[in-house]
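Here is a short briefing on one protein structure. Keep the coordinates open while reading.

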Amino acid sequence: MMRPFILCGGAGTRLWPVSTPERPKQFHALSGARAMIAETAARLPERLGAIELAPAAAVAGARWRAALQAHLPDGPLVLEPAARNSGPAVAAAALCAARDDLVLILPADHHIADVAAFHDALARGVDAAADGALVTFGIRPGHAATGYGYIELDSADAASAPFTPARRFVEKPPRETAEAYLAGGRHVWNAGIFLFRAGAMIEALERHAPQMIEAVRAALPAAGPMAAGEMRMLAREAFARAPSLSIDYAVMEKAERVNVVPVSMGWSDLGDLRALKALHGADGRSVLIGPAAEDAGSGNFILSTGPRVAVRGLSAIAVAASPDGVLVTTLDDAAEVRKAVEGASRSAAPNLDPALAARARAWVHDHMLPCWAQAGWDKAHGGFVETLSRDGAPHLDQPRRGRVAPRQVFTFATALMHGWDEGGAASRLVDLGLDYLDGPARSPEGGWAHGLEAGAGVSDARRDLYDHAFIALGAARAFQATGEARAERIALEAFALIDDLMRDGAPGWASPETAPGRKLSNPHMHLLEASLVWHEASADPDALSRIAELAWLFEAFMFDPASGAVGEVFSPDWSRLSGEEGARIEPGHCYEWAWLLSEVQRLTARDTASWSRRLIAFADGRGAGPDGFSLDAVTADGAPLMATARAWPQLERIRARLRFPETAAPGQAGRELAAFLDAYIDEASPAWCDRREAGGAPQDFLPASMPYHFMTALGGL
């Protein structure tokens with residue numbers, strides 16, 4: 001039996017903005033009618049002589065489960081809680097087979113034009129692998145590539161052998177060296193395709209990378225061959241002990257018996273825009289895909305999945321455009337765009353002063369997160385505390401709102417996604433938070449309680465829409481970050497309960513137990529946020545339906561076209577209330593809605609930009625106090641209802657400005673961030689000023705509701 005495993009860890013950075021962290025290139029149809037991962041599986045033969053091939057399996061991040069099931073409906077899945085490079089992924093594949101099975105490792109995002117030559121190469125590799133060698137496939141080079149690794153053979157004649165020993169592996173060479181390799185004829189490109197007996201790879205890992213194989217073995221819930229459609233989730237804590245190394249470095253460069261199968265099969269890793277152009281036409285003509293036009297140019301590659309692109313008077317350039325951004329480079333430099341892409345693809349505006357972003361990032365990562373990771377969890381009774389003192393001491397005797405725990409789960413799951421897990425703290429707190437949501441935080445009436453005792457027990461069993469929206473959001477983000485089945489179950493349960501308990505016959509949802517006789521926009525906003533995260537994490541079609549409904553509710557009832565603002569409190573039929581309650585507008589929520597509506601556009605292609613810009617214009621023009629900071633509440637004409645300025649509206653303003661820098665003068669996002677850091681943050685400690693009030697002293701405690709806002713606005717800088 002041969003068991004193919006497709007590795008899906010690549011991010012496709014050099015194909016940004018078509019390939020993004022949210023949807024990397026293996027899930028795009030770049031080389032055929034199907035997504036690249038589906039093309040990879042489809043080109044496999046059913047048999048190789050007497051050897052039967054099992055359905056293609058995948059080793060991938062847990063967040064891609066739904067996408068993998070869509071493209072590989074019968075494929076077994078090995079799901080990683082975090083990326084650890086190709087070494088641990090190959091180790092997991094070897095352990096998910098019988099020791100005498102042949103295991104074929106395939107990248108998910110490569111193109112092979114000559115499938116017959118590919119099958120012939122596999123057949124040649126079988127003979128060497130069955131005899132115990134570790135086999136890799138070397139592509140006979142067609143040009144002096146500097147973006148590929150090479151494998152050196154014993155001689156130029158060996159490049160024509162059925163298979164031959166590998167002399168050494170060579171990292172990506174400079175231009176002069178690559179040209180010498182091409183002229184010499186005894187180097188082949190390293191395609192990253194491997195074939196071996198499972199037992200042979202396990203023995204090689206035990207000899208050369210024992211810590212890696214032991215960590216993966218401990219992380220797997222089961223070993224041996226997988227059934228069609230089976231899923232195995234690697235345990236996060238054990239898997240984190242596996243060194244993050246490529247299989248080349250961990251094993252192939254050190255193993256005693258490594259054979260190379262040289263092959264010419266029209267191979268490309270489609271790693272950059274130049275390679276993509278070559279796939280569609282290698283001569284000097286331009287290639288235009290999508291809504292693009294060219295005048296007085298030649299040899300260009302223009303790809304757009306969204307905006308219209310026009311190029312004049314330029315040659316040998318590449319342009320990639322999508323709703324997420326635009327990349328322009330010369331074709332010769334298409335492999336060197338990583339630094340530019342990293343800057344442009346941050347959540348911050350690309351022209352944000354790097355030193356300013358570093359200040360904010362340092363405070364979040366070095367002070368705020370470590371403090372809440374250490375003091376924010378009640379070690380004696382469980383649950384997240386409601387507040388800390390300004391010196392970081394927890395207030396253990398204070399009752400807790402039901403929304404605090406899921407907000408903190410969201411905070412630390414988001415920290416995981418941004419790469420912060422100091423000493424495993426974020427992973428541990430996500431697990432503890434899910435335990436708490438699945439137990440003590442539940443209401444005896446079903447769902448989750450509105451209030452909880454400082455020790456143990458429920459103080460307020462009522463069910464609240466805002467709380468449940470955050471339960472769904474926290475669990476959805478935890479699932480997105482970790483792939484935990486429990487997080488998925490909690491998210492689905494929360495969405496179902498919201499629909500079952502909180503529909504009141506009128507459009508939208510309500511909180512009959514906590515806010516009878518009212519419709520509130522704020523819980524709907526966070527239900528939209530939860531639905532967006534859940535859609536991105538799971539591809540659940542119900543999430544798309546909910547997103548569409550919430551966008552309609554916003555347009556039909558919550559948004560006031562006369563002022564450009566969003567209201568807060570409405571009657572059950574969404575009619576406007578009289579008095580201060582009906583007049584209340586929170587500028588921070590205007591900014592927050594603007595950002596979430598931009599996510600609606602990004603994920604569903606529904607045009608929401610005009611709403612976002614009008615909300616920002618209202619909050620900028622009528623929502624700020626004399627010192628320029630956003631007030632907590634105003635009327636439609638800008639009269640203050642609350643002249644205080646909490647920290648969270650400033651953070652939402654910064655987040656919206658970073659997403660929509662065109663709504664203010666150039667550099668305004670940086671000026672607002674600098675003003676916030678100077679006025680609100682003690683950068684030498686975890687403390688911040690939570691509320692600015694004329695003549696008032698800073699609030700003497702730090703609320704647990706705030707780390708959520710710090711992570712949404714500053715966590716990704």
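The model is predicted. A search of the whole structure finds 4 cavities of 30 Å³ or more. It also turns up 23 aromatic pairs. Two of these pairs, Tyr466 with Phe470 and Phe554 with Trp593, are described below.

**Cavities**

- The largest cavity has a volume of about 60 Å³.
- Its lining consists of Arg3, Pro4, Phe5, Ala54, Pro55, Ala57, Pro76, Cys96 and Met226.
- Strand β1 (residues 2-7) supplies the largest share of that lining, with 3 residues.
- By class, the lining of the largest cavity has 8 nonpolar residues, no polar ones and 1 charged.
- The second largest cavity holds about 50 Å³ of space.
- Around the second largest cavity sit Thr40, Arg43, Leu106, Pro107, His110, Ile112, Phe118 and Ile193.
- The lining of the second largest cavity divides into 5 nonpolar, 2 polar and 1 charged residues.

**Aromatic pairs**

- The search of the whole structure gives 23 aromatic pairs.
- In one of them, the ring centres of Tyr466 and Phe470 are 5.2 Å apart and the planes stand at 45°, so the pair is tilted.
- Both residues belong to helix α15 (residues 465-482); they are about one helical turn apart because 4 residues separate them in that helix.
- Tyr466 and Phe470 are buried.
- The ring centres of Phe554 and Trp593 are 4.8 Å apart, with planes at 35°, so this pair is tilted.
- Phe554 lies in helix α18 (residues 541-558) and Trp593 in helix α20 (residues 587-604), so the pair ties together parts 39 residues apart in sequence.
- Phe554 has a relative accessible area of 0%, so it is buried.
- Trp593 counts as buried because its relative accessibility is 1%.
- Phe410, Tyr466, Phe470 and Tyr708 form one aromatic cluster.

**Arg400**

- Arg400 is found in strand β23 (residues 400-401).
- Its relative accessibility is 4%, so Arg400 counts as buried.
- A polar atom of the Arg400 side chain lies 3.2 Å from the backbone oxygen of Leu396.
- The Arg400 side chain also reaches the backbone oxygen of Gln398, at 3.5 Å.
- Leaving out residues up to four places away in sequence, Arg400 touches Asp378, Gly382, Gly383, Phe384, Val385 and Glu386, among others.
- Its contacts also include His450, Gly451, Leu452, Glu453 and Ala454.

**Arg236**

- Arg236 sits in helix α8 (residues 236-239).
- With a relative accessible area of 13%, Arg236 is buried.
- The side chain of Arg236 makes a polar contact with the side chain of Asp431, at 2.8 Å.
- Not counting residues up to four places away in sequence, Arg236 touches Pro81, Ser427, Asp431, Thr482 and Glu484.

**Backbone features**

- Trp16 and Pro17 are joined by a cis peptide bond, with omega about 5°.
- Pro17 lies in the loop between β1 and α1 (36-42).
- Ala296 is not a glycine, yet its phi is positive, at about 55°.
- The loop between β17 (292-295) and β18 (301-304) holds Ala296.
- Ala296 has a relative accessible area of 52%, so it is exposed.
- Trp574, also not a glycine, has a positive phi of about 75°.
- Trp574 is placed in the loop between β29 (569-570) and α19 (579-583).
- At 4% relative accessibility, Trp574 counts as buried, whereas Ala296 is exposed.

Notes
Residues numbered from 1 in each chain as written. Predicted model: local features only at pLDDT ≥ 70, side-chain atom pairs only at ≥ 80, totals over all residues. Heavy atoms only, no water. Helix = DSSP H or I, 4+ residues; strand = E, 2+ residues; numbered from the N terminus. Buried < 20%, exposed > 50% of the residue type's maximum accessible area, 1.4 Å probe, protein only. Polar contact = N/O pair within 3.5 Å; in protein donor to acceptor, adjacent residues only side chain to side chain. Contact = heavy atoms within 4.5 Å. 1 Å grid on protein atoms, 1.4 Å probe; cavity = no way out; pocket = protein on both sides within 12 Å on 5 of 7 lines; lining within 4 Å. Points joined across faces, edges and corners; volume = space filled by probe spheres on them. Nonpolar A, V, L, I, M, F, W, Y, C, P; charged D, E, K, R; others polar. Phe/Tyr/Trp six-rings, centres within 6.5 Å; stacked < 30°, edge-to-face > 60°.
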